[in-house]
Amino acid sequence: MSRSIDKFPEPKTKKQVKVIVATASRTGTLSVYRAMKILGYKPYHMAEVVLEGGAPHMEVLTEAITAQYNRFSGIKRYNRQDFDKWLAEYDCLVEIPYFMGPEVLEAYADDPNVKFILTDRDPDKWVTSVNKTAGELVSQMDQFPLNVLQYFNGDVRKFLNLNKAIYGAIADGTSPGDKDNREAMRRNYASYIEMAKRILPADRLLYFRLEDGLGWEQICPFLEIPIPDEPFPKPNDQENFKKEVGGWMNPRIQSAMLKLGALVVPAVGSLAYFGIKYRSAFKLGL
């Protein structure tokens, strides 16, 4: 089976991965992503996937997750060669390894030039945070109007499919509100943290809990970099998450509505021709 990564353009140059932030989503990763940019790295994070990589990167990440967690998909799992091709432009990975299970961590654990950062947090607070952000997005994609509009904008559909793949992997296929949802997510989160601590070499690993603080004081000494003369980036709270997702989604949703309208208006005209009254209105609030 031909894979999206096989069609990915061959990189002209390749950066050496220097730092892997193996931290799970909703554990300060956006702050760390922005902090690593300030420190001079070129990090790869979900924000980079969507805002910079666009459709090709969303497709590849979705495929990699599907190959990892769906043994019936028929997709060959990614290996170090695939990762190097996909991530050639970046010298720092943030959050992405969490989506991929042990393969990414194992691929780089033996490289003495790579350092690792792993931030932990209270599992119950983590589950709540995920379900109030990505979980709500996943729930909306099966409801009107997103269940219709996603078919009228390729970027929106790829973005929703990616989030569905990620959420399905970390929640064992359950949905927000399901009886076993919180327990499945809590179990998988704890299992991931233990797996990462077991695989990653202790002498090149910075591990700390989010509740103990997240800032320059934790990261810079480990990376042997001076602390910058500017504040550490603010955390991505739930309201900010929804604002940023909405800022990306809304113009694409509007485009989808225009395309849908181009189909609906002629249909409405046909109904009116036969004397049938038609009235419809809906509002999307992201």
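Let me start at Pro-145, which sits in the loop between helix H8, residues 134–140, and helix H9, residues 146–149. In this predicted model, the peptide bond that joins Phe-144 to Pro-145 is cis, with an omega of about 10°. As background, most peptide bonds are trans, and most residues other than glycine have a negative phi.

Arg-26, in the loop between strand S1 (19–21) and helix H2 (29–38), has a positive phi of about 65° although it is not a glycine, and with a relative accessibility of 15% Arg-26 counts as buried. Asp-172 also is not a glycine and has a positive phi, of about 55°; this residue lies in the loop between H10 and H11 and is partly exposed, its relative accessible area being 44%.

How do the axes of H10 and H11 cross? The axes of H10, residues 154–170, and H11, residues 181–199, come within 8 Å and cross at roughly 85°, and the two helices are therefore roughly perpendicular to each other. On the H10 side the contact is made by Tyr-167, Ala-169 and Ile-170, and on the H11 side by Asn-181, Ala-184, Met-185 and Asn-188. Sorted by class, that contact has five nonpolar residues, two polar ones and no charged ones.

Now to the charged pairs, where a search of the whole structure finds 17 salt bridges. One of them pairs Asp-84 with Arg-80 at 3.0 Å, N to O, and since these residues are four apart in helix H4 (residues 80–86), about one helical turn separates them. Asp-84 is buried at 18% relative accessible area, whereas Arg-80 is partly exposed at 28%.

Another salt bridge is formed by Asp-120 and Arg-209, with their closest N and O atoms 3.5 Å apart. This pair links distant parts of the chain, strand S4 (residues 115–120) and strand S5 (residues 205–209), across 89 residues. Asp-120 is buried, with 8% relative accessible area, and Arg-209 is partly exposed at 32%.

Glu-136 and Lys-242 also form a salt bridge, at 3.1 Å between the closest N and O atoms, and this one links helix H8 with helix H13 (residues 238–273), 106 residues apart in the chain.

Finally, on confidence: the mean pLDDT of the protein chain is 89, and 92% of its residues reach 70 or more. Over residues 265–286, however, the pLDDT is below 50, and that stretch has 18 contacts in the model beyond near neighbours in sequence. Where pLDDT is low, the predicted coordinates should not be read in detail.

Methods: Residues are numbered from 1 along each chain as its sequence is written. This is a predicted model: local features need pLDDT of at least 70, side-chain atom pairs count only at pLDDT 80 or more; totals for chains, interfaces and linings use all residues. Side-chain values use heavy atoms; hydrogens and water are left out. Axes are lines fitted to C-alpha atoms, for helices over the stretch in contact, and angles run from 0 to 180 degrees between N-to-C directions. Angles under 35 degrees count as roughly parallel, over 145 as roughly antiparallel, 65 to 115 as roughly perpendicular and the rest as oblique. Contact means heavy atoms within 4.5 Å. Ala, Val, Leu, Ile, Met, Phe, Trp, Tyr, Cys and Pro count as nonpolar, Asp, Glu, Lys and Arg as charged, and the others, Gly among them, as polar. Buried means under 20% relative accessible area, exposed over 50%, partly exposed in between (1.4 Å probe, protein chains only). pLDDT is the predictor's confidence in each residue, from 0 to 100. A salt bridge is a side-chain nitrogen of Lys or Arg within 4 Å of a carboxyl oxygen of Asp or Glu.
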